[in-house]
Amino acid sequence: MEGVRTAAAPVESSGAAALTDERLLLRRRRRRKAIRNLSAYGLVLPAAGFYVFFVVRPIVLSAQYSFYEWNGIGPATWVGITNYIEVFTNPKLVGAILNAFELILYFTVLPVAIALLAANLIRAIAASRLAGVARTVLFLPQVIPLVAAGIMWSWQLSTDGLVNQILRLLGLGGITRAWLGNFDTALPAVGVIGAWVLVGLCLVLILAGMTKIDPALYEAARIDGAGPVREFFTITLPGVRQEVAVCVTVTVIAALASFDIIYISTQGGPGDSTLVPGLQIFYLAFYEREIGTASAFAIVLMVLVLVVVVPLQRVLRGRES
Amino acid sequence: MIVSARETWMGRVVLVVLMIVTILPFLSLFVTALHEPGTYPRGLEWPDTPHWGNFVLAFQSANMLALLGSSFLIELGVVPIAVLIATLAGFALGHLKPWGQSFVFIFFLLGLTLPFEGIVTPLYFQVREMGLLNTRWAIILPLIGLFMPFAVTWMRAHFVTMPQELSEAARVDGATTWQLFWRVHVPLSVPAISSLAILLFLWTWNQFLLAIVLVDDPAKRTMAGALGAFQGRYGTDIPLLCAGSLLILTPTLIIFLIFQRQFVSALMQGSLKG
């Protein structure tokens, strides 16, 4: 077809030949552009297909199920927003959400704070061999399955475990206990496992951010008589704002969507003291067969994560542009 | 930089303390694994007679050979396909930049923060309808989909930085889009592609929730999923459980130590999903 048009062009009008040629060229270019656009989307298609079928469709189904009373086998009946009311009024389910927010303290605040303080001290020797080895070592918890971290720490935190052994060594034998089996300490204990996993990631990220800060800034601050605290708040913290935002994003998601560690170490107990949304969805859907409530809870969890994470992304973007 | 000796010294101390806190649980796990099966050893105590046989025992009683085989089959199903289709999509969105690509990209971005728990229930029914429950496909196919938001974002970010002149030169030489992709861009993208492959390998190996929900038979699960079942069966035999845990986390440690440079930089640049 392309060839025919080109051949026909000169016959059309010899007077405006130059103009027609130009128009033809333009049209051909536009057509080629259209073909390229189409073929580009052909390359996107497989990825989009998997994504739509195994992620987007389940999300839509979740939203649909959330309005039904359904045991997964029999017929489903429409119940409106009853399931959502259940999520926000049943103390057990509300408790799971509150637990998740408390976990942010351990999964996010603790690792980011430790990482910031440590990175500030390490900054001076960040290029040394010791720091290089530390980067590898501190990353190990990131690499192993969270299930293994859960098993490992259930053992450390047990009555005769490493934690109590160290406490006794320090003369703190009075406070030893089965940390994961105690109503008051189970959630913080689970939080410590999460902190152990996430500190390394935060530290390496923040250290990388610090290497981008111009050393002249520090020298100027020192000459102006700034102390370490002042230096930290006026130079270091603003300099690693973006890295901190990444750390907070990753760790907040890890806290709100925690499952593996808690399933292995406490199964939500004792009582419901370490119950979190992820675990509750799993129990509701696959043990209690309350598909509707489980789906409503799943939607609430997804919205919660977005509500917390999207503003953080704005902090990230703000720096880039 | 003006740094006092005291400050560098404090930095070293802090680093060493952090490293000890990280390593101690591993050490404790290892020492415990050497105790007599069925006993309750105390924290960090070297056994009178180290039972090296525990590793063999755990290897056999967990049917570890079958588990390893299963995990590698799942990896083989997930990683090559996910990396290939994400690279194609990232190339198209980041380099060819067709009309409306930003909307498609945002569509992928939306999935980046999605908690797996949010979709595991409908996924169960979907996989059941497909008749794939209790097969490895039940883990492989959804995982490919779940990895796409990160994988496409990652590859797009790489292809955005590739200079357009490169492609224009190849086009002038008469290359089609397909040739452009395979002959010019894939060879130049090996670092980005291999980082993605390592990350996806580890995330697949460590995937727990999908494995326990969609596959009942531990011998058809991922390693992390099988470890969960192992804990259920040997939860009372601490030394054996510790030996089994060590066996299961060793392959990821080896992969990490070999590829740590790519791994750390990959996680740092794209650490939105962990």
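**How chain A meets chain B**

In this predicted model, 96 residues of chain A are in contact with 98 residues of chain B, where contact means heavy atoms within 4.5 Å. The area buried between chain A and chain B, that is, the accessible area (1.4 Å probe) that the two lose on being put together, summed over both, is about 8500 Å², and carbon and sulfur atoms give 76% of it. On the side of chain A, the residues that lose the most area to chain B are A:Leu43, A:Tyr51 and A:Trp155, which together account for 9% of what that side buries.

Helix α2 (residues 17–65) of chain A supplies the largest share of the side that touches chain B, with 23 residues; helices here are DSSP runs (H or I, at least four residues), numbered from the N terminus. Sorted by class, that side of chain A has 72 nonpolar, 13 polar and 11 charged residues, with Ala, Val, Leu, Ile, Met, Phe, Trp, Tyr, Cys and Pro counted as nonpolar, Asp, Glu, Lys and Arg as charged, and the others, Gly among them, as polar.

How far the coordinates can be read is a matter of pLDDT, the predictor's confidence in each residue, from 0 to 100. Chain A has a mean pLDDT of 87, and 92% of its residues reach 70 or more. Within chain A, confidence is lowest in helix α1 (residues 2–12), at a mean of 44, and highest in helix α13 (residues 277–286), at 94. Over residues 1–13 of chain A the pLDDT is below 50. Where pLDDT is low, the predicted coordinates should not be read in detail.

Residues are numbered from 1 along each chain as its sequence is written, and chains are lettered from A and ligands numbered from 1 in the order in which they are written. In this predicted model local features need pLDDT of at least 70, side-chain atom pairs count only at pLDDT 80 or more, and totals for chains, interfaces and linings use all residues, while side-chain values use heavy atoms, with hydrogens and water left out.

How values were computed
Helices (H or I, at least four residues) and strands (E, at least two) are DSSP runs, numbered from the N terminus.
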